[in-house]
Amino acid sequence: MIFIENLTKNFGGKEVLKGVSFEVKKGSITGFIGPNGAGKTTTIKIISGLIRKTRGVVKVLGEDPWDNPKVHEKMSVIFTNLVYPQENTVEEYLKDIGRIYGTDITELVDEFKLRPHLKKKLSQLSSGLAQRVQLVASLIKNPELIIADEPTANLDPPARIEFYEEVKKLNKQGVTFFISSHILSELEKIITDVVFINEGKVTFQGKVEKALKEAEEEEILLVVNDPEKAIKIIGGKIEGSYIKVKGKVRDIVDRLDDAGVEIISLRRSSLDDAFKKLSNI
Amino acid sequence: MIRGILLSIGITLISLSLLSITSPISNTIIVTKPYCISIPSTAKVIAIMYENSTNVTVYVKIIHGNFTKIIRPPCTIMLTHGKWIFEVYNETYPKISYRSINETIIEKNVTIIIQKTVNYTNIVTTNNATYPIYVRLYIKCMKILKFQELSEILGIIMIISSVFLYLRKRF
Amino acid sequence: MMRSRNYQIFSVIFKERFREPTLEFIIPLMLSSNVFINAFYERGNFTIYGIILAFIPLISVSETIAFALALRNIIFVTGDHIYRGSIISFLTFPIKRTDLFLMMYFSDVITPYIIWLSTTEAYILMSGIPVPQFLILIYTIGYFFTENIILSIALTFKSAGIATLLSSFIIGLLFIFGGMLNYYELTQGYHVLGITSSLNPYVLLLYEAVNRKTLPCIYEGITIELIIATVTFFFSLNKFKRLEI
């Protein structure tokens, strides 16, 4: 779906992307993860045909996306904020796009429960609703690929959950997703593949399980009923309401059980940890 | 959008066909060389010709299409649609001339012939006019549109069409 | 009947610039403001001098409206999209950038011109006033000359405020000082009148009307304007094609 090789981008003499290479496979939900300023948005804009590359190979659906209508026919892009003229109503916006692609929007409007909001102006929508409208707009053309640049950055937790539920549903129907984010905790629940980027370079790409495995020595986060007693038994350090300790899960659970310490919640290594490890942070 | 445009243009056409510029304008032109003016069909113009009050009489030649007339100012004419040319035709003035005459007087059987100089007035006509004429153009009013009836009809058709389109959409 | 995709995209772009009641307001206003042609014609004793006065931009209401409408479209619609980033919606349509630019140019610049041209020609026909078509040509070339400069400025300086101020300043400077320069040239000798006539050809037209003399250098001025209009058009096209958001 997306093939990038040695992608370089300079802005005013400053190299923002330094030879980025990765691939997004068909049918996957690929997370594009990196801290602020890593080059995620720049990469996404190059893939979307909004910025030109300085050097390298970029192929989206087999073609160079710059000034290429064929790519835009099958690809949709979702940004953090709705970028359409804000004075239009939801109905006008969706109908305009529907007319361009020859699609009747009624079914999508009903499926995403937008009927009560059709007469509202885009500038009046809440973040969650705006994102839903963007998603509907992106589906009107029946895309094969949806690229999302930090789509949940402005959303509250319930809206984020709703968004990711829709992503899973659409992925089951065959849509490939390429989602960039710096909020890893939710992303890791749905993505199948991951690309880490830091300071303009890709530090890892591949399956999520592989990334988690490569984090090696597992860091375990526990919430227990008696943290002080637990520290004496398993070691580690207290971080907020969590105890952070390195070791094997089974061993730690057994020791705490034997000592009568109740484990309220247990979390193994996350993408956060994998990212930090693989990006040498 | 089409309904609104048709309605607004229709109203505009009818308004323009009913309007005219009625504040009169007056201009005085000093004519020494031939003066040409094209009067549009929408304007009502009166030309008042006069000369200055000297003992010279200036005659004016007026040409309008195939029509040519020589008139003596002061004169008022209505200027109809078309091209009008005003030019000084000729001027006449009295010239005092002198001549000697012999007058015979018989007195006590003696005949005396006296030579006398008498003056007489001669009317001279010349085409090399030196005095100008004054043409005062008085533009009474000017209609906005030449084809008033046509614009009224067009305006009405447009308004009716817009109403028809509105009713069709409504019902 | 399923209209073509390009037509649908054009329709979206057009409707955005000419929402109701823009055209319902602009078209009759342009049509009716042409009464000044009659007024100036009458005042000028039905001579060409009065007609030329009536067709000078800023004196002519309909020409000023056409110019202002195009300026608004360029800076406050298209320009605004670029400055705010909402141009992304249009750049992600399945259309080549050149086609998108041409559609925007047609809606922004050519449509107000067409409205002006059709209302003016209709008015000339209905009023029976003998307006020389040369005046229409002069305004046409001047219109595209100024609007293409404004478009280049809007695409170069990514700020509505700067674009407006700079455009007004440059166009105002060219027109007003160009007129003064032409007057000076006419009174002091025709040294560079061919070049200066491109800035404000109306001064030369008035001179021709008053003195009943023709000035061939007016054609040089029109040619220069046409060249600049063409160059700035292609500059803007190139800038838009290479636009990165």
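Two residues are taken to be in contact if their C-beta atoms, placed from the backbone, lie within 7 Å. The model shown is predicted, so that local features need pLDDT of at least 70 and side-chain atom pairs count only at pLDDT 80 or more, while totals for chains, interfaces and linings use all residues. Residues are numbered from 1 along each chain as its sequence is written, and chains are lettered from A and ligands numbered from 1 in the order in which they are written.

**View 1. The contact between chain A and chain C.** Chain A brings 16 residues to this contact and chain C brings 19 residues. On the chain A side, the elements that give two or more residues are α2 (69–74) and α3 (90–101); helices (H or I, at least four residues) and strands (E, at least two) are DSSP runs, numbered from the N terminus. That side of chain A holds eight nonpolar, three polar and five charged residues, where Ala, Val, Leu, Ile, Met, Phe, Trp, Tyr, Cys and Pro count as nonpolar, Asp, Glu, Lys and Arg as charged, and the others, Gly among them, as polar.

**View 2. The contact between chain B and chain C.** Of the two pairs of chains that touch, chains B and C have the most contacts, with 26 residues taken from chain B and 19 residues from chain C. Helices α2 (22–33), α3 (35–43) and α7 (97–127) of chain C each supply at least two residues of the side facing chain B, and α2(C) provides the largest share, six residues. By class, this side of chain C divides into 10 nonpolar, five polar and four charged residues. Chain A and chain B, by contrast, do not touch, and their nearest C-alpha atoms are 16 Å apart.

**View 3. The nonpolar cores.** A nonpolar core is a set of buried Ala, Val, Leu, Ile, Met, Phe, Trp, Tyr and Cys residues joined through C-beta atoms within 7 Å. The largest one has 157 residues, and Ile147(A) and Ile51(C) have the most contacts inside it; helix α8 (residues 133–156) of chain C gives the most to this core, with 13 residues. Apart from it lies another core, of nine residues, including Leu222(A) and Leu256(A).

**View 4. The surroundings of Ile190(A).** Ile190(A) is placed in the loop between α7 (184–187) and β8 (193–198) of chain A. Ile190(A) counts as partly exposed because 17 C-beta neighbours lie inside 10 Å, given that a residue is buried if 20 or more other C-beta atoms lie within 10 Å of its own, exposed if 12 or fewer, and partly exposed in between, with C-beta atoms placed from the backbone.
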